[in-house]
Amino acid sequence: MSFLVLRELKKTYGDFVAVEALSLDVQRGEFISLLGPSGCGKTTTLQMVAGFVEPTGGAILLDGHDLVAMKPSRRGLGVVFQSYALFPHMTAAENVAFGLEMQKVGRAERDERVRNALELVGLGGFAERYPRRMSGGQQQRVALARALVIRPHVLLLDEPLSNLDAKLREEMQIELRQIQRTVGTTTILVTHDQSEAMALSDRIVVMNGGRVEQIAAPQEAYERPATPFVAGFLGKTNELSGTARVEGGETRVVIADGRWASRRPIDGAVIASVRPEKIAFADCAAGRLTGLVKTRIFQGNHWLYRIETLAGQVFVIRQNGGEPMPAENDKVGLTWRPEDMALRAADGRR
Amino acid sequence: MTRNGPLALLYHALFVVFMLAPIVIVCIVAFTPEGYLSLPTHGLSLRWFRTIAQYPEFIRAFWVSIWLGALSSAIALSLSVPAALAIARYRFKGRDALATLFMSPLMIPPVVLGIAFLRFFSLVGLGGTFVGLVLSHVVIVFPFALRLTLASAVGMDRAIEQAAVSLGASDWTVFRRVTLPLILPGLVSGWALAFIQSFDEVTMTVFVAAPGTETLPVRMFLYIQDNIDPLVTSVSASVIALTAIALVALDRLYGLERLLAGRGINEP
């Protein structure tokens, strides 16, 4: 059995469904991200695990024990809040020591563990500082140390990096991942930032409107999005209308003047979803989707193209490898591997 | 910052004069050597300050006022903390009605309150007692205590308490170690404001106080009904001097701005 199990977890406020029958199995030591736009129910889910919100239905099991019946103060979970939520009237060391005091850990051991925790997050020299005299990033580290020092069963992170500027956020992402690997704590991160979720997690839970859209490893969710929402939320994608027909052992896909053979058995009107960086340029051979380069933007390490085709506008990203690239108003053929194309029925069936 | 024009400066100056003149004049008159209220023209005298010593009821009334203010403010404050936390955090039926009820002593004329208390206390056998006086003052200073407590409770990040809970703190521990220290500046300000209100109150207190439980303002009010000598001015000047000393001390110890604004210690 998995370490942390959310089973058919549900939260409604009157008629409004905040979280709808969410089921998730988390392995010991795993780093899971709940990813989605604001209002998708990710924070509500985290707060149900932490115990600050009572579920309307469903169960939460930690190592086989029912967590819902347990008081939030007895759950032994470490929580890091978006606002850091440090105790402003205590020094960094006192903040970190608070949880150990609650556990009645003896003075000597407490001091030792506080020192180690602050060192772990790189704040060895800041023990006696008050939060108001620290930068946002430093406060964030204190909050992390405070949550980790109690050796929590699960670490819950609620948008912990969203108040930091972009550069610091990137640094903290790397550090967070490193610390989590070192300590090995099972972690659930709530974020609306898809790159953050992909950078940090073992698996991503993409949520929308209170429902789970997909649970998968970052690369898999990106390469094979289960729903159009996931495809659109995790990076850019092209959505092209076409038709598919099963013929013999394979499926023939036709998109405007382009033709592909796919292994996915699907029939009728389809929508093909292709990532811009999976599309390559080729000559305008027969059976190839052709188009006219409308704009070409140089972005240093890559080119961004907008191509007008019979199937509509297609975005293409090509690495800047130094070789000559098509110019504006060139006629080009577009190719991609069938496996880089996610197919779904146009009427919404899967 | 833009500079004030001459007209604006004149306006501000007049305003300050208007505010301060009565106080200044009272303090000057207190030093008169004459036996009636007048500006001292033939030198200054401490005659009327020495006279205070011959009226022990003024001294006693002063201590009644101090104890009354301190006690009623402390009681009002201890009631306002749970009230403020409930109003600030929870949406429940009758919440608005409750908030209005708590604020209602501000809206009822003190005369009406005074008559009501006079009647009520004599019915329940508290007429003319110090206990009755304290209870009546708890009612009138409660809105002031609640206002400032509420302001600091509303401004508090709930996540801070949730963090304490997640670290294993019980409800009582969260209140004692986290909530209370964070709303403390609001409580101190609330207490100070309530104390000032209580010390100042005459209109209602005249009805409730009896000989022996008269507050200083009531004692002075009764005195000038029968006498027109400058004794009240010297008493006033003494109170003003004590207030000034207390304010300077508070400012040194705590910071006056922080006290009156009820600002949190988490703010710079």
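Modeller: Let's look at the place where the chains meet: across the interface of chain A and chain B, the rule finds three residue pairs in polar contact, with both residues at pLDDT 80 or more. A polar contact is a pair of N or O atoms within 3.5 Å; within protein, one must be able to donate a hydrogen and the other to accept it, and residues adjacent in sequence count only if both atoms are side-chain atoms. Keep in mind that this is a predicted model: local features need pLDDT of at least 70, side-chain atom pairs count only at pLDDT 80 or more, while totals for chains, interfaces and linings use all residues. Residues are numbered from 1 along each chain as its sequence is written, chains are lettered from A and ligands numbered from 1 in the order in which they are written, and side-chain values use heavy atoms, leaving out hydrogens and water.

The interface also has one salt bridge (a side-chain nitrogen of Lys or Arg within 4 Å of a carboxyl oxygen of Asp or Glu). Its partners are A:Glu101 and B:Arg177, at 2.8 Å from N to O. On the side of chain A that touches chain B, strand E6 (77-80) and helix H2 (92-102) each supply at least two residues. Here helices (H or I, at least four residues) and strands (E, at least two) are DSSP runs numbered from the N terminus. Helix H2 of chain A gives the most to this side, with four residues. By type, the residues on this side of chain A are 13 nonpolar, five polar and three charged. Ala, Val, Leu, Ile, Met, Phe, Trp, Tyr, Cys and Pro count as nonpolar, Asp, Glu, Lys and Arg as charged, and the others, Gly among them, as polar.

Now step back to the whole interface. In total, 21 residues of chain A are in contact (heavy atoms within 4.5 Å) with 18 residues of chain B. Together the two chains bury about 1,800 Å², 67% of it on carbon and sulfur atoms. Buried area is the accessible area (1.4 Å probe) that two parts lose on being put together, summed over both.
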